[in-house]
Amino acid sequence: MSLSQKVLVLEDDAGMQSFLATLLSSQGYVAELCGSGQQGLQLLASQDYALLLLDLGLPDLDGLQLLQQLRLWSAIPVIVISARGKEQDKVQALDLGANDYVTKPFSAGELLARMRSALRQNQGSVRQWQFGNVLLDPVQRLVSKNGERVHLTKTEYELLLCLLRHAGVVQTHNQILQQVWGEVYQGRPEYVRVHMAQLRQKLEDNPAVPRYLTTEAGVGYRLCL
Ligand code: CA
């Protein structure tokens with residue numbers, strides 16, 4: 001990863017702006033600050049950024065509306081910065097095409113990890129996936145744990161593949177349903193829950209306290225590497 005990646009920070013709070021500017025430049029990113037949604041859209045249309053950090057509470061334009069407009073013409077990775085307890089906003093932002101979110105107050109380490117995962121998403125095809133001692137070979141459609149073959153149903157396999165394709169990045173229930181079950185299953189998170197429980201039984205060392213196939217409360221699931 002290049003160390004001079006330009007990041008646009010769309011955030012109107014001065015304290016948060018300076019925290020993010022200091023943090024990003026300490027990591028070698030070039031941070032550009034903007035407190036207005038309209039100006040932000042113009043910047044995004046006219047310049048190249050590697051990633052957008054988007055505060056949902058902007059003074060002139062709702063962050064969700066901005067995201068909706070942006071996704072009509074840009075695939076730039078977007079991490080949403082949301083206020084605590086607004087689960088519905090997070091889910092909506094993710095369903096509108098945000099790559100991930102952090103909730104205020106968040107730690108520097110958490111944000112940087114989310115940024116790295118989001119930046120990794122656009123990296124072409126992979127021959128083999130691994131987490132812990134689990135291996136998935138997408139060509140052979142084989143999954144093994146500790147070197148032993150694990151038999152997954154078609155749905156379990158598709159679910160695992162969906163999470164692996166977005167490793168480190170949260171997927172909402174509806175995003176998963178759409179990719180694994182198809183459009184008509186929107187709004188049926190119980191489908192995901194049942195199959196996720198089976199996947200954990202087969203792949204996690206301690207299915208009751210999953211280390212890799214983790215739950216994002218009220219939002220969806222994330223495969224943690
Ligand atoms: Ca704000």
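Predicted model: local features only at pLDDT ≥ 70, side-chain atom pairs only at ≥ 80, totals over all residues.
Colleague: How many salt bridges does the structure hold?

Modeller: Twelve. In one of them, arginine 114 pairs with aspartate 100, with the closest N and O atoms 3.9 Å apart. That pair links distant parts of the chain, since arginine 114 sits in helix α5 and aspartate 100 in strand β5, 14 residues apart. Helices (H or I, at least four residues) and strands (E, at least two) are DSSP runs, numbered from the N terminus.

Colleague: Into which domains is the protein divided?

Modeller: Domain bounds come from an automatic or database domain assignment. Here they give domain 1 (3–120) and domain 2 (129–223), whose C-alpha centres lie 27 Å apart.

Colleague: How do I read the size of their interface?

Modeller: Interface size is often given as the accessible area lost when the parts come together. Buried area is that loss, found with a 1.4 Å probe and summed over both parts. Domain 1 and domain 2 bury about 890 Å² between them, with 49% of it on carbon and sulfur atoms. On the domain 1 side, Leu94, Asp95 and Tyr101 lose the most area to domain 2, together 39% of what that side buries.

Colleague: How many residues are in contact?

Modeller: Counting contact as heavy atoms within 4.5 Å, eleven residues of domain 1 touch twelve of domain 2. The rule also finds one salt bridge across this interface.

Colleague: Which residues coordinate the calcium ion?

Modeller: Donors are N, O and S atoms within 2.8 Å of the metal (3.2 Å for Na, K and Ca); water is not among the atoms, so sites may look incomplete. Asp12 (OD), Asp55 (OD) and Gly57 (O) coordinate the ion at 2.2 to 2.4 Å. Aspartate 12 lies in the loop between β1 (6–10) and α1 (14–26), and aspartate 55 in strand β3 (residues 51–55), so the pair ties together parts 43 residues apart in sequence.

Terms used. Residues numbered from 1 in each chain as written. Heavy atoms only, no water. Buried area = accessible area lost by both parts, 1.4 Å probe. Salt bridge = Lys/Arg side-chain N within 4 Å of Asp/Glu carboxyl O.
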